[in-house]
Amino acid sequence: MTAETPDPSRTGPSSEGRGEEGFARTGTSRVEAFSDAVFAIAITILALDMRTPPHSTGQLLPALWHQWPVYLGYLTSFAYIGVIWLNHHQTFTRIRTVDRGLHAANLTLLLTTAALAFPTAVVSEAVQSDAIGADARTAVALYALIAAAMCASWLWIHTHLAHHPDLLSGRDDERYIRHGRLRSSAGVIVYALGGALGWFTHPAIAMGVFLLLPVFYFVTSEGLPRVRRQGR
């Protein structure tokens, strides 16, 4: 068998050498491997909140039903982190080299992703206690804050790439990055709006936003659809 020759632009230091600030640009393989590990751990931690509920003999079924917010929180955050991983993969297939700014933006994304298990648990516990109470309103606002921060980290990534197109594999990838900025900005706004509505009106509104936005990011994981004008 003949071993495949690795692509040096993705596995080793970039031929571009050091940037103006003296930080060596590198390929994307280590960044992707480290990011995948964080995503895997973060998505696994979500399951730790699912435990056998306290119950008396013969009351397991109602006790399991009572902790429905735990299941909903797990599914929502699992979907969100899963879509983040998918979008991260799609983005990095278009990146040739990584500089210090992109490293910093990616680490911020991982920071917010790893933190998502905390507001998920807070929302689950608060909604179990009182689905419309003050604690539930605070909990959904906290979740919205973390989720909006995650979208802001995506905005940082795409903005950095837009200002440094030399990091990309080709000119055609700039369209995807422009779309990424729009999608990230929309996420910041919608999560913030959903959190505010959950706080001031009803937590269910915020939870609806938390369910719908991962669907949007999945559908647009390869960029926004092209708008074609039909000539007559």
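Predicted model: local features only at pLDDT ≥ 70, side-chain atom pairs only at ≥ 80, totals over all residues.
Reply: Two points on the basis come before the questions. Local features need pLDDT of at least 70 and side-chain atom pairs count only at pLDDT 80 or more, while totals for chains, interfaces and linings use all residues. Residues are numbered from 1 along each chain as its sequence is written, and side-chain values use heavy atoms, with hydrogens and water left out.

Me: Why is Asn106 called buried?
Reply: Buried means under 20% relative accessible area, exposed over 50%, and partly exposed in between, with a 1.4 Å probe and protein chains only. Asn106 has 3% relative accessibility, so Asn106 counts as buried. Its place is in helix H5, residues 100-115. Helices (H or I, at least four residues) and strands (E, at least two) are DSSP runs, numbered from the N terminus.

Me: What makes the pairing of the Asn106 and His88 side chains a polar contact?
Reply: A polar contact is a pair of N or O atoms within 3.5 Å. Within protein, one atom must be able to donate a hydrogen and the other to accept it, and residues adjacent in sequence count only if both atoms are side-chain atoms. The two side chains make theirs at 2.8 Å.

Me: Which residues is Asn106 in contact with, leaving aside its neighbours within four places in sequence?
Reply: Contact means heavy atoms within 4.5 Å. The residues are Val31, Ser35, His88, Phe92 and Ile157.

Me: Why does Thr28 count as buried?
Reply: Its relative accessibility is 0%, so Thr28 counts as buried. Thr28 lies in the loop between strand E2 (24-26) and H2. Its side chain makes a polar contact with the side chain of Glu32, at 2.7 Å.

Me: What makes Tyr80 and Tyr191 an aromatic pair, and why is the pair called tilted?
Reply: The structure holds 6 aromatic pairs. Tyr80 and Tyr191 are 5.6 Å centre to centre, with 40 degrees between the planes. Rings of Phe, Tyr and Trp (its six-membered ring) pair if their centres lie within 6.5 Å; planes under 30 degrees apart count as stacked, over 60 as edge-to-face and the rest as tilted.

Me: Which parts of the chain does the pair link?
Reply: Distant ones: Tyr80 is in helix H4 (residues 68-92) and Tyr191 in helix H8 (residues 173-200), 111 residues apart. Tyr80 counts as buried at 3% relative accessibility. Tyr191 is buried, with a relative accessible area of 0%.

Me: How do you know that the length of H8 agrees with a helix of 28 residues?
Reply: The expected span is 1.5 Å times one less than the number of residues. For H8 that should be 40 Å, and its end C-alpha atoms are 41 Å apart, which agrees. What covers the buried residues of H8 includes H4, H7 and H9.

Me: What makes the charged end of Arg94 sit over the ring of Tyr176?
Reply: The rule asks for NZ of Lys or CZ of Arg within 6 Å of the ring centre and within 35 degrees of the ring normal. The charged end of Arg94 is 3.9 Å from the centre of the Tyr176 ring.

Me: Which residues have the most contacts inside the largest nonpolar core?
Reply: Tyr80, Leu161, Tyr191 and Phe210, in a core of 47 residues. H7 gives the most to this core, with 13 residues. A nonpolar core is a set of buried Ala, Val, Leu, Ile, Met, Phe, Trp, Tyr and Cys residues joined through side-chain atoms within 4.5 Å.
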